[in-house]
Amino acid sequence: MRLTPELVARCFRVVEDAGPGPGFTPMPEEEAAALTDRVLAQGGIDAGAAPLRVFAYGSLIWKPGFEVAETERAMLRGWHRSFCIRLNRWRGDPAAPGLMMALERGGTCVGATLRLSDPRADLLTLIRREIPHREGADMVRWGEVETPRGREQALVFWAGPKGPGIEHRLPLTIVAARLARACGQAGSGADYLYQTVAHLEALGIRDRNLWRLQALVADEIGSLAHPVSG
């Protein structure tokens with residue numbers, strides 16, 4: 001990889017969390033619980049009666065936030081990784097907005113399924129993390145993935161995002177420039193990309209666009225007159 005931990009370290013800076021911007025409403029605990037139950041019902045999973053698997057294609061692979069019972073390579077057809085969600089916090093700020101990955105229509109995405117140890121409790125944890133605002137409540141769906149055992153259903157977060165904060169089909173050069181400069185209270189865009197590519201490689205998965213992107217981000221960081229951290 002051209003993008004190294006040393007280059008990633010240059011992108012870190014301390015950023016205070018300014019809180020959610022206008023147009024975002026924190027999801028109350030009771031609504032997160034109701035959404036959890038609705039998703040379980042839609043998938044035919046009732047209080048742990050059947051295994052619950054989540055399709056991981058980005059940070060869930062390396063930072064799931066719950067106890068993973070089993071990890072298995074899987075493919076989701078009809079979708080591909082895309083840095084398309086604008087971030088003014090978390091891994092970016094208003095002065096240097098970042099980008100988060102989601103899934104957009106077309107192509108295929110090779111990632112991993114993660115089997116949850118405690119379906120309801122772990123899914124609630126995931127929903128609190130992945131969908132902290134009411135405006136993202138419809139950004140979780142069931143999909144069919146291909147695994148070594150055959151086709152199975154898995155839960156997918158942030159497939160087909162829409163709204164004012166979505167930037168479709170950005171050129172990789174623009175994405176690289178943004179990731180090389182963006183940092184928020186959760187870390188930098190460069191680190192987000194590095195961790196994802198490194199952990200995909202560990203699973204024997206090489207996403208062609210991400211591999212090219214990590215090289216572009218490495219070049220971008222190296223070309224900066226001063227370290228991003230100042």
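By class, how many nonpolar, polar and charged residues does the lining of the second largest pocket have? The lining of this pocket has 10 nonpolar, 5 polar and 6 charged residues; here Ala, Val, Leu, Ile, Met, Phe, Trp, Tyr, Cys and Pro count as nonpolar, Asp, Glu, Lys and Arg as charged, and the others, Gly among them, as polar. The structure is a predicted model, in which local features need pLDDT of at least 70 and side-chain atom pairs count only at pLDDT 80 or more, while totals for chains, interfaces and linings use all residues. Residues are numbered from 1 along each chain as its sequence is written, and side-chain values use heavy atoms, with hydrogens and water left out.

Pockets come next. A pocket is an open set of points on a 1 Å grid over the protein atoms alone, with protein on both sides within 12 Å along at least five of seven lines, and a cavity is a set of points where a 1.4 Å probe fits but cannot get out; lining residues have an atom within 4 Å of a point. Points are joined across faces, edges and corners, and a volume is the space filled by probe spheres set on the points. The second largest pocket has a volume of about 360 Å³. Of its 21 lining residues, those closest to the centre are His 80, Arg 81, Ser 82, Glu 104 and Arg 169. Strand β2 provides the largest share of this lining, 5 residues, and the elements that give two or more residues are β2, β3, α5 (172–181) and α7. Helices (H or I, at least four residues) and strands (E, at least two) are DSSP runs, numbered from the N terminus.

The largest pocket has a volume of about 1,300 Å³. It is lined by 42 residues, and Ile 85, Leu 87, Met 100, His 133 and Trp 158 are the closest to its centre. Its lining has 22 nonpolar, 11 polar and 9 charged residues, and α3 (59–62), β2, β3 and α4 (119–130) each supply at least two residues.

Trp 158 is placed in the loop between β5 and α5, and its phi is near 60 degrees, a positive value in a residue other than glycine. Arg 169 is likewise found in the loop between β5 and α5, with a positive phi of about 55 degrees although it is not a glycine. Most residues other than glycine have a negative phi. Are these two side chains buried or exposed? Trp 158 counts as buried because its relative accessibility is 16%, whereas Arg 169 counts as exposed because its value is 78%. Buried means under 20% relative accessible area, exposed over 50%, and partly exposed in between (1.4 Å probe, protein chains only).

Arg 86, in strand β2 (residues 68–87), is partly exposed because its relative accessible area is 37%. Leaving aside neighbours within four places in sequence, Arg 86 is in contact (heavy atoms within 4.5 Å) with Pro 97, Gly 98, Leu 99, Gly 165, Glu 167 and Arg 178. The C-alpha atoms of Arg 86 and Ile 166 are separated by 6.1 Å, although the two residues are 80 residues apart along the chain.

The interior can be followed through its nonpolar core, a set of buried Ala, Val, Leu, Ile, Met, Phe, Trp, Tyr and Cys residues joined through side-chain atoms within 4.5 Å. The largest such core has 65 residues, and Phe 83, Phe 157, Leu 213 and Val 217 have the most contacts inside it. Strand β3 (residues 98–116) contributes the largest share of this core, 8 residues. Beyond four places in sequence, Leu 213 touches Phe 83, Leu 172, Val 175, Ala 176, Leu 179 and Leu 193.

Leu 193 is also one of the buried residues of α6. The end C-alpha atoms of this helix (residues 189–202) are 20 Å apart, which agrees with the 20 Å that its 14 residues should span at 1.5 Å a residue; the expected span is 1.5 Å times one less than the number of residues. Just after α6, Gly 204 takes a positive phi of about 80 degrees.

The count comes to 1 cavity of 30 Å³ or more, and the largest cavity holds about 40 Å³ of space. Its lining consists of Val 197, Leu 200, Glu 201, Ile 205, Arg 206, Asp 207, Leu 210 and Trp 211. Helix α6 gives the most to this lining, with 3 residues.
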